[in-house]
Amino acid sequence: MLRLDRTAFGVAWKAPAEHEALWLIPEVAFARWACIPAAGEAELLRIAVDPAHRGGGLGRRLLEACQDELARRGLETLYLEVRVSNAAAIRLYGACGWRRCGLRSGYYPDGEDAALFRHVCP
Ligand SMILES: CC(C)(COP(=O)(O)OP(=O)(O)OC[C@H]1O[C@@H](n2cnc3c(N)ncnc32)[C@H](O)[C@@H]1OP(=O)(O)O)[C@@H](O)C(=O)NCCC(=O)NCCS
């Protein structure tokens, strides 16, 4: 996961904390979530597919599997933020039922805006 994290985002985060949930296909893909069960919410912190495996439907299957499992665990609303320039991720989220719900202006260290998305579990 740390290698993929570095490849996709340039810097690897620390190992997941206790309140986090992680889906991992070793060496190929991962999705990392922060869960707030008391609020019925979870936030997608990161999702990445190894560059050699992108474009084959893996990101979509991984995200849908996470959404299904989080819904089974009783979480009702999922959130994420993404760079407004990240067209691939934004299309993926739209295809998986996420809807844009806000904007954080100048959110990233380089000044780029973050788009906020929400998914309501069925
Ligand atoms: C975003 C990411 C996870 C998508 O994974 P993937 O396995 O390539 O995605 P999939 O093949 O499942 O594609 C699912 C949908 O995403 C969209 N998509 C994927 N790659 C795309 C691209 N290069 N351009 C535009 N849309 C794209 C499409 O809508 C696609 O559905 P379609 O094939 O039916 O049109 C992957 O590109 C990645 O790891 N990017 C770097 C990390 C990142 O930016 N993560 C998101 C921010 S946390």
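By class, the shell around the ligand is made of 11 nonpolar, five polar and four charged residues. Here Ala, Val, Leu, Ile, Met, Phe, Trp, Tyr, Cys and Pro count as nonpolar, Asp, Glu, Lys and Arg as charged, and the others, Gly among them, as polar. The model is predicted: local features need pLDDT of at least 70 and side-chain atom pairs pLDDT 80 or more, while totals for chains, interfaces and linings use all residues. Residues are numbered from 1 along each chain as its sequence is written.

There are 20 residues around the ligand, and Arg 54, Gly 59, Arg 60, Ala 88 and Arg 91 come nearest. A residue is near a molecule if its C-beta atom, placed from the backbone, lies within 6 Å of it. Helix 3 gives the largest share of the shell, six residues. Strand 3 (41-49), helix 2 (58-72) and helix 3 (87-95) each supply at least two.

These elements belong to a protein chain with three helices and six strands. Both are DSSP runs numbered from the N terminus: helices are H or I with at least four residues, strands are E with at least two. Their order from the N terminus is α-β-β-β-α-β-α-β-β.

What is the radius of gyration of the protein chain? It is 14 Å, which agrees with the value near 14 Å for a compact globule of 122 residues. The radius is taken over C-alpha atoms, and the globule rule is 2.2 Å times the number of residues to the power 0.38. Along the principal axes, the C-alpha atoms fill a box of roughly 35 × 35 × 30 Å.
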